[in-house]
Amino acid sequence: MSGSNTAGMVDSPRTAVSNPPVQPVAAHFGEADLCRRSATRDLPAPQRQLTPVAKLIDVSKCIGCKACQSACIEWNDTHPEMEHNVGQYTNPHDLTAEMYTLMRFTEWVNPETDNLEWLIRKDGCMHCDDPGCLKACPAPGAIVQYTNGIVDFIHENCIGCGYCIKGCPFNIPRISRADHRAYKCTLCSDRVAVGQGPACAKSCPTQAIVFGTKEDMKRHAAERVADLKSRGFANAGLYDPAGVGGTHVMYVLHHNDRPGIYADLPENPRISPLVQTWKGMTKYVGLAAMGLMAVGSVIHGVFAKPNRVSEEEERHAEDLVEGRPVPPPPPGQP
Amino acid sequence: MNVQLSRRSLLKAAGAGVVVTSLGALGFEAAEAAVAAHVRPFKLANTTETRNTCTYCSVACGVILYSRGDVRKGERAELIHVEGDADHPTNLGTLCPKGAALKDFVRAPTRLQYPMIRRPGSDRFERVSWDVALDRIARLMKDDRDRNFIARNADGLAVNRWTSTGMLAASATTNETAWATFKVAKGLGIVGFDNQARV
Amino acid sequence: MTNSWTDIRNTDLVVVMGGNAAEAHPCGFKWVTEAKAHRGAKLIVIDPRYTRTASVADFYAPIRQGSDIAFLMGLIRYCIENGKVQWEYAKAYTNASFIVKEGFGYSDGLFSGYDPEKRDYDRSSWDYEIGEDGYAKVDPTLEHPRCVWNLLKRHVDFYTPEMVERICGTPKEKFLKVAQMIGECSTATRTMTSMYALGWTQHSHGAQNIRGMAMLQLILGNIGVRGGGMNALRGHSNIQGLTDLGLMSHLLTGYLNMPTEAEPDFETYMKSRQFKPLRPGQTSYWQNYRKFMVSFQKAMWGSAATAENNWCYDYLPKLDVPSYDVLRMFEMMNDGQVNGYICQGFNPLLAFPNRAKLTSALSKLKFLITMDPLETETARFWENHGDFNPVDTASIQTEVIQLPTVCFAEDEGSLTNSGRWLQWFWPAATPPGEAKHDTRIMGEIFLRMRELYRKEGGAFPDPILNLSWEYHDPREPEPAELAKEINGRALTDLTDPADPNKVLVPAGKQVLNFSQLRDDGSTMCGCWIYSGCFNEAGNNMARRDNRDPGGLGTYPNWTWAWPLNRRTLYNAASADTQGRPWDPSRKIIEWDGSKWVGDDVPDIAPTAKPGQVLPFIMNPEGSARLFSRGMMRDGPFPAHMEPFESPVPNVLNPRMRGNPVARIFRNDVAQFGNPDEFPFAATSYRLTEHFHYWTKHNRVNAVLQPEFFVEISEELAKLRNVTNGGWVRVWSKRGEVKARALVTKRIRPLICDGRTVHVVGIPLHWGFTGAARKGFGPNSLTPFVGEANIETPAVKAFLVNLEPSTAPQDRPGVTS
Amino acid sequence: MSDQVEEIQPGDSIVPGKPVTVNRYGPLARLNHWVTATSLILLALSGLALFWPGLFFLTNLFGGGQNTRAFHPWIGVLLFVSFFVFFFQLWRANLPAKVDIVWLSRIRDFLAGHEDRLPELGKYNAGQKFIFWAMTGLILVLIATGIVIWDQYFGGYFSIPLRRVAVLAHSVAAVLIICVFILHVYAAIWTRGTLRAMTRGSVTGGWAWRHHRKWLRQLAGRPGTQRPGPAE
């Protein structure tokens, strides 16, 4: 689209600079570009490094219209349930295996200005650089991470154990009741693979959601933060939490000093130490313990002679039963 | 149709978890292992794209309709996806929550398919042919016009009003449809003729 | 819209008042967020509710619904008092200097000439003093006590910040903050844009709301410039088109008027319309009215329209009332004076006020014909749905014929958007079942009726038998055929008036645009303002060149805009009286010494000298009107009027209820409620997840906003012991609804004239058909009264009562 | 802790002959034991498959990961039920006694095979009692934590932090129970003549004299277990 970028009148980074292809196109990345693969030790090192991508969600530009939810449902052909109105705008009321992204609405009165602020955050997979879901997953290849940062669920390999739920610091994955597989935002890996941005980002009317290389997104975020500061949001900033190695879905927040007010966005998300221990130490120590136990037994079995019953002892038993005299119990015993 | 989709719909059909798990036992897993770690095939491949305009509000966002089959070639065509037109100056490819779900408006289960008549006092619609419906309409309208047409007012002035039948015109039809509708309605002398602009 | 959606990116200040752009027009609102992000523009929202638009605003001020005029007049007062006026613009381009007749007056909220019996004004005193030369008198010094400027100053003097707070409930300091931000736009290089919608139109004084802001924009010099203007955000995809094409009771195409009984013959009709200029050298474009009218009549009746029969002037119905608008039609229907009704893609049972009355009216019809792609409540108004549609089916004798039509995805043609762009689109899918194009249905009905009239004769068959209907397939005219008819063509060779041998347009060829239309029957044109959309250059509405030479969002070659592909109306006012752009960085056109040049089509004769020919060429004055003369029924200046159902009396005149000249039908007066019985101020509106009553048929949107609810403040919830998410009953003098309560901080009680006013918000997307949960519309509660000038139902401000309740019940055997 | 432990349990009895045999476990006990043992093995296999990626291939034994995920918890329920039926048969005889301390203090003699240097024991020695109570405790932990992480049915009922604690506890308990299991199996093999107690249900008199002499004396001391009648 030539027009709108001329004469210094730049518009926001465009997720879709061209319309999707309708002729068959080969995916730009695939199996060969995996940098992590769940429950897989010797994963061949990727031959190339893809440019890291990111989705930037500018909460200050978001009007909470739910176009992202709508586009997500349509692109992924999911069928979320129609619920009831329970006195809130957040519908469905939570992420589900059929609803990968969700606008969460918070009415917050700013204590400094006493003004109401309607905080609307698009919730969904953050595509952590160090994904807890992947760390927790026991099924080889059920969760993969491409070198561009996309964390994808490969449903064919998923066993539905729900470990990813325990591993995720953001409470994102959901298990389908229909097919017992875990579902979440894929960052539209199928679209990105043919050069298109995610469906949600493309649809976003105010371009509060934009998609591009992580570097560009950080640069754009910097501009947005500057604009917000000029409008009196002193603590505006970029949410790209280091605790999970940074994320490939980032937020621009007007109040970056307290992410918690945006529907409990974690202050400092990290993979839970419990999960770390479970997937780390426990595994090794446990296996060692079981091993030692087995080995110990074998060694004892080899060196100590078996504990056999002697002829004499059989005779004693017979004598006892026949009523013949037998050795008495040692003294001090009943 | 990509594997995962066909798989998921199959699972929906299968429903219960038991069936699902047994699929694994039947070696379904292995069958799909091949495609497993690849990203989902792009679903718009081999579709027909058509430039259209969102039917809802007056921003008139450009949309692209993706269909299987091509009506321009006289084929039956089914809409499978709708996306914003990235070339459109106003929406730049973006869409609102309504526009993004246009497909399900077009394919709504409550889309009308056949002419229906509800007879006086009846509690149901009955399906009729187009000819029956249109002849009936023409007859009802002509009879009412002939009976109630006001050719002249009290002062004998030609006023040619038909006030006893009114019409509300659509708000999402094309200008061309509107012009055809205008000609017929005003030609018949209908004065109770209005449209959504009033609301 | 005077400007285009993409032009909003050029603004410095966006004022959203009387609308909720982010919610109702998200993709157009993009250009607001772009202006904010890239021009540092500011956004102000003034609304009874803290809306989605407010959630991204730089400043939000609450206001009581229906009190906008007071707020706007307060702003004008502030600007005048603080010298926040673009003087050069206001003096040159508005009628500020025009001297008003002796005898014009204003007191107690009423203007001179009011007749309480007729509920109407004698508007003869609302006009200029005309000199011997036949021109209006002016005083460029603005000293004359009766010049428009001084009358305006006196008129707005009443609306002090304190008075604004008293009427609107807007805290004084918040009002002053808004006024100060708006005042900054009075310089030549800062512009403000107004984005409004039904929040302003759906009042008995809707037109005056809009005039109020238009006057403010004129004073600030913001009309005709980039990033400025009055931008009405139309609701439907082609509501602009249907209005342009005159699908209204009182209109013909291109804003030509339907004749009235007062205009028995063509010449009388013409005389009152070809306005002569009121100032020397002005354009007064309507002088061309006759050309457009005759060409239109030729388009309707072809060869049957001749000079001898005044181009079939008699074929046109003559109105005995201002209009047979929808409200009047339903009133007549309810009186048993209407037998048949056709709803083409329209759902009046949910769209118009006082649903009980609508149901009773529809039940009195002999036949109802609906054409729609979807099920509608109207087509099934006779079907019992328990609380959701409590009717006695058996007793309803109306015959209903429901016809399935295509929808956009199966159709082809052009739609006119809010920015007047006519955009062509193409079909992509096969219609479901036996659904047909509307053109086919209208064609078939017409042909069948014409046949009946041929065979049987009947009442005045001439306009039917002679209606021009020459299409390749008369049963289904093709979109291109119709579009060409709308554009118009030469019926005989059009020769150059200067040189009779020079043929400008050969017979049968499309005219270039309306400048080639003639009043001698040698041209035909369906809609003059659309002329140029499909000429010999081809279908200009199908153009897709999205380049933007100026880089300011003009897109001159993207589809086509009326009139003459002009993207910004009144753009001649974007330059000063020497023809230099007020703001060079936002130039639209400029005077190069001999002609106007720029990347938009000048809204003035290309060679008309700046300073001599004024920019507002459709007005005989050549200038814009701060004082609207007799053009509006309810006053030449906007004066504060309360809604017919208001929680507080009118401070100007406690005896005045609603708009003093608004038409009200006798039976409806009895159905107006009072604050003692109905203490809460309700308003109705759209939500972003839905589009009217359409998307409730769509599973996706049904998921995003599944169930009918009303929004109330925490204070009101406390007052009435309502729990968030619980059921409430809301009732007015006309009916009741049951809804989920959504208790929110986004609505807060207002203090108006010392009383606490609780606001109840009622969204309008639910009914008893479709995928979403069954619910009600606010129109079960709204009053049956229209806007005084245009009869738009006043459904944005009314009174209700509210209490906790149980869930509504569907008819036995159905669970919703 | 007392010495008044009821050593003899219903079904225990001496069958005179050469050699003397002593009935130690009835059919129900043996059935219980083997059901428990089998489910424990299946649980270990499926559990390890989900715990240690290197062992994921074990899921093939159950028809793939989905099935393994689906079956494991149900087997756990089976183990729990079966073990506790077993439990109520044996718990009295497994109550700790003073003599157990002495026995433990001289565990080296036991491992070296000098049981003659140890006090006479009742039906169970301290080692066996340890296994019994360890199993009991761990199975309780496993079933409790197992339910917390059984997402298919209980996903909604427990907070994610709690589920994280549970999954850790579950795996630790699993490791321990497998160790105990190994100990149990080895002891049974090393102590020759023990296995038949869980197969045929009886042991030889000599085995009883060597390992559980006190139990044997008590059995012998009971009326009806005197010398055979003249009929022989």
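Author: A residue is called buried if 20 or more other C-beta atoms lie within 10 Å of its own, exposed if 12 or fewer do, and partly exposed in between, with C-beta atoms placed from the backbone. The model is a predicted one, in which local features need pLDDT of at least 70, side-chain atom pairs count only at pLDDT 80 or more, and totals for chains, interfaces and linings use all residues. Residues are numbered from 1 along each chain as its sequence is written, while chains are lettered from A and ligands numbered from 1 in the order in which they are written.

Reader: Which residues are buried in α6(A)?

Author: Helices (H or I, at least four residues) and strands (E, at least two) are DSSP runs, numbered from the N terminus. In α6(A), the buried residues are K214(A), M217(A), H220(A), A221(A), R224(A), V225(A) and L228(A). They lie on the same side of α6(A), because they cover an arc of only 145° around the axis; the arc is that of the directions from the axis to the C-beta atoms.

Reader: Which exposed residues does the face turned away from the buried side of α6(A) carry?

Author: That face of α6(A) carries the exposed residues E215(A), A226(A) and S230(A). On the buried side, the cover includes strands β2 (53–58), β9 (209–213), β10 (237–239) and β11 (249–253) of chain A.

Reader: How many residues does helix α6 of chain A have, and what is its reach from first C-alpha to last?

Author: Helix α6 (residues 214–230) of chain A has 17 residues and reaches 24 Å between its first and last C-alpha atoms, close to the 24 Å expected at 1.5 Å a residue. The expected span is 1.5 Å times one less than the number of residues. Just after α6(A), G232(A) takes a positive phi of about 95°.

Reader: Which residues are buried in α7(C)?

Author: The buried residues of α7(C) are F175(C), V178(C), A179(C), I182(C) and G183(C). Their arc around the axis is only 135°, which puts them on the same side of α7(C). The face turned away from that side carries the exposed residues E173(C) and Q180(C). The buried residues pack against β1 (13–17), β2 (42–46), β3, α3, α6 (161–168) and β8 (192–196) of chain C.

Reader: Where is S67(C) found?

Author: S67(C) is in the loop between β3 (59–61) and α3 (68–81) of chain C. S67(C) is buried, because 28 other C-beta atoms lie within 10 Å. Two residues are in contact if their C-beta atoms lie within 7 Å. Apart from neighbours within four places in sequence, S67(C) is in contact with I167(C) and C168(C). The C-alpha atoms of S67(C) and M641(C) are separated by 7.4 Å, although these residues are 574 residues apart along the chain.

Reader: Is F627(C), in contrast, buried or exposed?

Author: F627(C) is buried, with 24 other C-beta atoms within 10 Å. F627(C) is found in the loop between β23 (596–598) and α19 (666–669) of chain C. Leaving aside neighbours within four places in sequence, its contacts include N95(C), F98(C), V148(C) and F637(C). F637(C) is 10 residues from F627(C) in sequence and 6.0 Å away in space, C-alpha to C-alpha.

Reader: What describes two packed helices?

Author: The angle between their axes and the distance between the axes describe them. Axes are lines fitted to C-alpha atoms, for helices over the stretch in contact, and angles run from 0 to 180 degrees between N-to-C directions. The axes of helix α8 (residues 281–303) of chain A and helix α7 (residues 160–190) of chain D come within 10 Å and cross at roughly 5°. That angle makes α8(A) roughly parallel to α7(D) (under 35 degrees; over 145 is roughly antiparallel, 65 to 115 roughly perpendicular and the rest oblique). Residues making the contact include M290(A) and M293(A) of α8(A), and V175(D) and I178(D) of α7(D). The contact residues divide into 13 nonpolar, 5 polar and no charged (Ala, Val, Leu, Ile, Met, Phe, Trp, Tyr, Cys and Pro are nonpolar, Asp, Glu, Lys and Arg charged, and the others, Gly among them, polar).

Reader: Which chains share the most contacts?

Author: Of the 5 pairs of chains in contact, chains B and C share the most. Their contact takes 102 residues from chain B and 135 residues from chain C. Helix α5 (residues 130–148) of chain B gives the largest share of chain B's side, 13 residues. That side divides into 52 nonpolar, 29 polar and 21 charged residues. Chains C and D, however, do not touch, and their nearest C-alpha atoms are 22 Å apart.
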